[in-house]
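Please walk me through this structure in plain terms. I would like to know how its parts are arranged and linked.

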Amino acid sequence: NDALLEYTVGTYIITWNVDDSSGNTAECQQMISIEDNELPTIICPQDLTVATDIGICSASQVALGDPIYTDNCEIDSVDNNSNEPYNLGINSVTWTVVDLYGNSSDCEQSIEVIDVELPTIQCPSDVTVDTDTGICSTTNIDLGAESTSDNCSISWINNNAPLEYILGETIVEWIVIDGSGNSATCNQVVVVADNELPTIVCPIDLTFDAQLDQCYAS
């Protein structure tokens, strides 16, 4: 026969021959098919943690790295289903390797996008008010409205304004916290002024006689 010592992937026809002692011959053919059913292997690039792009709540142009892959025969393609931009949180990227004979394997790479960008806050304008009538302080001041922004979301806005403002200057601190826990502050000045006039009541009017033999009284 014409059999080979080694068969690569493919189909082979082997011809068998037989001769008898009288010189008669016959032959037949045998088909040998070599198939590759072994899956390739792939190891994904390491998982990544990246920050959101400035001013937006997602990340783009992320360098994913390179997978490691092997096959017993030959690799046909290596690809992934990356779809930028990556949103805040956990994003999954599937890598796929396909060999020359259609066998394939997958692996998963995790891309975590975090928000480290601080929110912004602009305090209301400083306020100057008078003391309440008859006391040396004031309450119920309209501080005005703050202005805030964030690339993702605002979670909480508050200030440490007291219930009562005493005479003089009080610093009110405003704070904003975004959905990822990043915070920013600003200060507003509240000035309490005393413009209430004091009151005075004179003693009662008096009438005196001049001293004896004098033209005056003392």
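**A walk through the model**

In this predicted model, L206 is exposed, because its relative accessible area is 60% and the cut-off for exposed is over 50%. L206 lies in the segment after β18 (183-193). Together with I204 and F208, L206 forms a nonpolar patch on the surface, with about 410 Å² of accessible area in total.

Next comes a sheet. Strands of a sheet pair through backbone hydrogen bonds, either parallel or antiparallel. Here, 4 strands make an open sheet in the order β12-β18-β17-β15, and the pairing is mixed. β12 (127-130) and β15 (154-159) each have a single partner strand, so they stand at the edges and one side of each has no neighbour in the sheet. From one strand to the next, the twist averages 20°. β15 and β17 (residues 168-178) run antiparallel and are joined by 5 bridges; in β17, I175 is the bridge partner of N158.

The structure also holds 3 disulfides. One joins C44 and C107, with the sulfur atoms 2.0 Å apart. The torsion about their S-S bond is about 100°, so this disulfide is right-handed. C44 and C107 are both buried.

Another disulfide joins C57 and C152. C57 is in the loop between β4 and β5 (58-59) and C152 in the loop between β14 (147-149) and β15, so the pair ties together parts 95 residues apart in sequence. C57 is partly exposed at 27% relative accessible area, and C152 is partly exposed at 24%.

A disulfide also joins C123 to C186. C123 is in the loop between β11 (120-122) and β12, while C186 is in strand β18. C123 and C186 are buried.

Conventions:
Residues are numbered from 1 along each chain as its sequence is written. This is a predicted model: local features need pLDDT of at least 70, side-chain atom pairs count only at pLDDT 80 or more; totals for chains, interfaces and linings use all residues. Side-chain values use heavy atoms; hydrogens and water are left out. Patches are made of residues with over 30% relative accessible area and no salt bridge: like charges are joined within 9 Å, nonpolar side chains (Val, Leu, Ile, Met, Phe, Trp, Tyr) within 5 Å. Accessible areas come from the Shrake-Rupley method with a 1.4 Å probe; for residues, only the protein chains shown count as cover. A salt bridge is a side-chain nitrogen of Lys or Arg within 4 Å of a carboxyl oxygen of Asp or Glu. Helices (H or I, at least four residues) and strands (E, at least two) are DSSP runs, numbered from the N terminus. Buried means under 20% relative accessible area, exposed over 50%, partly exposed in between (1.4 Å probe, protein chains only). Two strands pair if DSSP finds at least two bridges between them. Axes are lines fitted to C-alpha atoms, for helices over the stretch in contact, and angles run from 0 to 180 degrees between N-to-C directions. A disulfide is a pair of cysteine sulfur atoms within 2.5 Å.
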